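Reader: Can you walk me through this one? Keep it quick.

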Amino acid sequence: DSAIGTEDVTMVEGDDLPWARVARTGEEERGLRYVVRFASGKQRVLVVNAAPISNPLMGAEVVFTVTDITEPVLAAQRLAKLAAQDPLTGMYNRRGLDDAAERILATARHNQERTAFLLLDLDHFRSVNDLLRHEMGDAVLQVAAKRMEATLAGGGIVARMGGDEFMAVVGCQDLAAAAQLAEAMRAAIAEPITVGSHTINLTASVGVSLFPTDGDELPQLIS
C-alpha cells in the first residue's frame, strides 16, 4: 500500500477523520486514499470525498462519499510488476533495474556507502541456442539466473538486461570485494548445467564499476 500513497485508516481517529476536518474547517477534501486492514489480513483501498453542507439539514454538516477502488489498484500493481519483470527469469528487467538501482543509490548516497555494479555476459551463448534451440537455451538461462541470485544470498539484486546480459547491484566495501563477488558469480555459472540429455559448460565475462569511485549517476555506472 505504500506504493500507492495510501494512509492507514486504523491510525486516523477523531478530529483527523476527513469529515471531522471538513466540519471543523468548512473546506472540502477530495481524493483521499485510505487502506482499511481487517483482522483476517485482507485489505481494501478506499477513496473518500467530503464537503460541507451549505444549508445543514437535521443537524448534518458534512456530506461524504466512500468508493472502494481495491480491484483497480491491484490491477495497476500487477501491471506495474509485469512491466518491471523479465518473463523468462522472473528477475528485474532493464526497466525494473533502473528503478531499483536508483533506490539503492539514493540509500548509498545518504549512508555514504559504496555500491558495486557487475555487468555479466554469458560467453558465446548464441552457440548454445544454435545447439539446443531456444526452448532449451531458455532453460539454461533460467538456471544461470538462479545461480547468480544465489551468489548474492539476498544481499543485492540481479536483473536481466536482455539476451544473455545481466546486471548485479550490491553493496561492497571496495573494488577488491566487488572483484571477489564477480569471481564467485563466474564460478557459479561455470558449474555444469544439465538440460535434458545435454550438459552445458558456460563461461562469463564480468565488468565491474563502483559507486562513487567510477561515477555518481546510474547511466555512468551501468555503461
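Author: One definition before we start. The expected span of a helix is 1.5 Å times one less than its number of residues. Also, bear in mind that this is a predicted model.

Reader: Fine. How many residues does helix α3 have, and what span does it reach?

Author: Helix α3 covers residues 94-111, which is 18 residues. From first C-alpha to last, α3 reaches 25 Å, close to the expected 26 Å.

Reader: Which residues of α3 are buried?

Author: G96, L97, A100, A101, L105 and A108. They sit on the same side of α3, because they cover an arc of only 155° around the axis.

Reader: And which residues are exposed on the other side of α3?

Author: R95, R103 and H110 are exposed there.

Reader: Salt bridges next. How many does the structure hold?

Author: Nine.

Reader: Stay with α3 for a moment. What does R94 pair with?

Author: R94 forms a salt bridge with D98, with the closest N and O atoms 3.2 Å apart. The two are four residues apart in α3, so about one helical turn separates them.

Reader: What does R109 meet in a salt bridge?

Author: D216, at 3.7 Å from N to O. R109 lies in α3 and D216 in the loop between β10 and α6, so the pair ties together parts that are 107 residues apart in sequence.

Reader: What is the relative accessible area of R109 and of D216?

Author: R109 is at 33%, which counts as partly exposed. D216 is partly exposed too, at 35%.

Reader: Which residues are linked in a network of salt bridges?

Author: R44, D68 and E71.

Reader: Now L32. Where is its place, and is L32 buried or exposed?

Author: L32 is in strand β2, residues 29-37. It counts as buried because its relative accessibility is 16%, and the cut-off for buried is under 20%.

Reader: What is L32 in contact with, leaving aside neighbours within four places in sequence?

Author: P18, R21, L46, V47 and V48. As for V47, its C-alpha is separated from that of L32 by 5.4 Å. Along the chain, L32 and V47 are 15 residues apart.

Reader: Switching to the surface. Which residues make the nonpolar patch?

Author: W19, F64 and V66. The patch is about 260 Å².

Reader: Where does F64 lie, and what is its relative accessible area?

Author: F64 is in strand β4, residues 62-68. Its relative accessible area is 40%, so F64 counts as partly exposed.

Reader: Last topic, backbone. What is phi of Q112?

Author: Near 55°, a positive value, and Q112 is not a glycine. Q112 sits in the loop between α3 and β5. At 75% relative accessibility, Q112 is exposed.

Reader: And what about phi of H124?

Author: Phi of H124 is near 50°, again a positive value in a residue other than glycine. H124 is in the loop between β5 and α4, the latter spanning 125-152. H124 is exposed as well, at 69% relative accessibility.

Conventions. Residues are numbered from 1 along each chain as its sequence is written. This is a predicted model: local features need pLDDT of at least 70, side-chain atom pairs count only at pLDDT 80 or more; totals for chains, interfaces and linings use all residues. Side-chain values use heavy atoms; hydrogens and water are left out. Patches are made of residues with over 30% relative accessible area and no salt bridge: like charges are joined within 9 Å, nonpolar side chains (Val, Leu, Ile, Met, Phe, Trp, Tyr) within 5 Å. Accessible areas come from the Shrake-Rupley method with a 1.4 Å probe; for residues, only the protein chains shown count as cover. A salt bridge is a side-chain nitrogen of Lys or Arg within 4 Å of a carboxyl oxygen of Asp or Glu. Buried means under 20% relative accessible area, exposed over 50%, partly exposed in between (1.4 Å probe, protein chains only). The arc is that of the directions from the helix axis to the C-beta atoms. Contact means heavy atoms within 4.5 Å.
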